[in-house]
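This report walks through one chain from its overall layout down to single residues. Keep the sequence and the 3D view open while reading.

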Amino acid sequence: MSTREFRIWRGAAGEGDFASYRVEVNEGEVVLDLVHRLQATQAPDLAVRWNCKAGKCGSCSAEVNGRPRLLCMTRMSALPPDGPVVLTPLRAFPSVRDLVTDVGFNYAKAREVPSFVPPPGLAPGEYRMAQQDVERSQEFRKCIECFLCQDTCHVVRDHEENKPAFAGPRFLMRLAELDMHPLDAAPDRKRAAQEEHGLGYCNITKCCTEVCPEHIRITDNALIPLKERVADRKYDPLVWLGSKIGRRPRSD
Ligand code: SF4
Ligand code: SF4
Ligand code: FES
């Protein structure tokens, strides 16, 4: 057993300051364990959002030493041994209180992406897909909606003004997944990605991929392929003709 200094942002609606605490640390503990110990011993009114404590609900997103992380999956032993551990709320979203932010931006963006459109003339149960198409989308469906990727993306992290025009990596990935789906009959996902959801703002820095706790290769497997598919639609005359006569061009 040892102790460690924590500096935690305390406040509401963006107004507040850092408070310092010294907390007991035991072997194998994660940052969320320490936050719970603080609540039990020194700061019962400290606000933090959590649910599963197993890296699956996506609720405990915050910033540890300035890096977006899940509090329940960040081991104390993985942090630098010296200096205080600094906990702050997600920077890209409005602060509610202490470590809790309002992530409603993400739910609004989710609603802007039309869901899967079943192919006409086929009933559920008659759908058939190649195994490679199933496997491609399975990676994207591991998303736990923690919004760490949305928080870290520089397009919105320091640029509130970009939010209306940019869906963020999580929802551009969703658009990519739907556009790659061989049975999705929605028209023009590529045009929408570029013109309505801000795909062009992404300059493939891969910061979103680096913070994803599910290790989804957001940039390499979703965003770059989506950009390539948008370019194909625009500059390949056969793809352009296919889109005009209403057939979905093959992706493989
Ligand atoms: S790769 Fe694109 S979406 Fe991901 S963080 Fe960079 S700019 Fe944002
Ligand atoms: S893609 Fe990864 S970082 Fe982004 S919301 Fe999903 S799980 Fe979280
Ligand atoms: S508490 Fe569920 S992901 Fe951390």
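Predicted model: local features only at pLDDT ≥ 70, side-chain atom pairs only at ≥ 80, totals over all residues.

## Basis and domains

Domain bounds come from an automatic or database domain assignment. By that assignment, the chain splits into domain 1 (2–101) and domain 2 (104–244). Their C-alpha centres lie 31 Å apart. In the domain contact, 13 residues of domain 1 meet 13 residues of domain 2. Contact requires C-beta atoms, placed from the backbone, within 7 Å of each other. On the domain 1 side, strand S4 (residues 67–70) gives the largest share, three residues. By class, that side has seven nonpolar, three polar and three charged residues.

Residues are numbered from 1 along each chain as its sequence is written, while chains are lettered from A and ligands numbered from 1 in the order in which they are written.

## The chain as a whole

The chain holds ten helices and seven strands. Both are DSSP runs numbered from the N terminus: helices are H or I with at least four residues, strands are E with at least two. The C-alpha trace spans about 65 × 40 × 30 Å along its principal axes.

Of the 252 residues, 32% count as buried. Buried means 20 or more other C-beta atoms within 10 Å of the residue's own; exposed means 12 or fewer; partly exposed lies in between; C-beta atoms are placed from the backbone. Take the contacts between residues at least 6 apart in sequence: 59% of them join residues at least 24 apart.

Strand S3 (residues 61–64) runs antiparallel to S4, and four bridges join them. Two strands count as paired if DSSP finds at least two bridges between them. Ala-62 has Arg-69 as its bridge partner in S4. S3 also runs antiparallel to strand S5 (residues 85–88), with two bridges. There, Glu-63 stands opposite Thr-88.

Two residues separate the strands in the hairpin of S3 and S4. Asn-65 lies in this loop. Asn-65 is not a glycine, yet its phi is positive, about 50 degrees. Asn-65 counts as partly exposed because it has 15 C-beta neighbours inside 10 Å.

Ala-13 sits in the loop between strand S1 (2–12) and strand S2 (15–25). Is Ala-13 buried or exposed? Ala-13 counts as exposed, because 10 C-beta neighbours lie inside 10 Å.

## Helix H6

Helix H6 (residues 169–180) has twelve residues. The expected span is 1.5 Å times one less than the number of residues. For H6 that gives 16 Å, and the end C-alpha atoms are 16 Å apart, so the two agree. H6 is mostly covered, with twelve of its twelve residues buried. Among them are charged-class members Arg-170, Arg-174, Glu-177 and Asp-179.

## Two ligand shells

A residue is near a molecule if its C-beta atom, placed from the backbone, lies within 6 Å of it. The shell around ligand 1 includes Cys-153, Cys-202, Cys-207 and Cys-208. Helix H8 (207–211) and helix H9 (218–235) each give two or more residues to this shell. By class, the shell around ligand 1 has eight nonpolar, three polar and one charged.

How many residues surround ligand 2? There are 14, and the closest are Cys-143, Cys-146, Leu-148, Cys-149 and Cys-212. The shell around ligand 2 has eleven nonpolar, no polar and three charged residues.

## Cys-146

Cys-146 lies in the loop between helix H3 (131–140) and helix H4 (148–152). Cys-146 is buried because 27 other C-beta atoms lie within 10 Å. Beyond residues up to four places away in sequence, Cys-146 touches Gly-58, Ser-61, Leu-70 and Pro-213. Cys-146 and Ser-59 are 87 residues apart in sequence, but 6.2 Å apart in space, C-alpha to C-alpha.

Technical notes: Contact = placed C-beta atoms within 7 Å.
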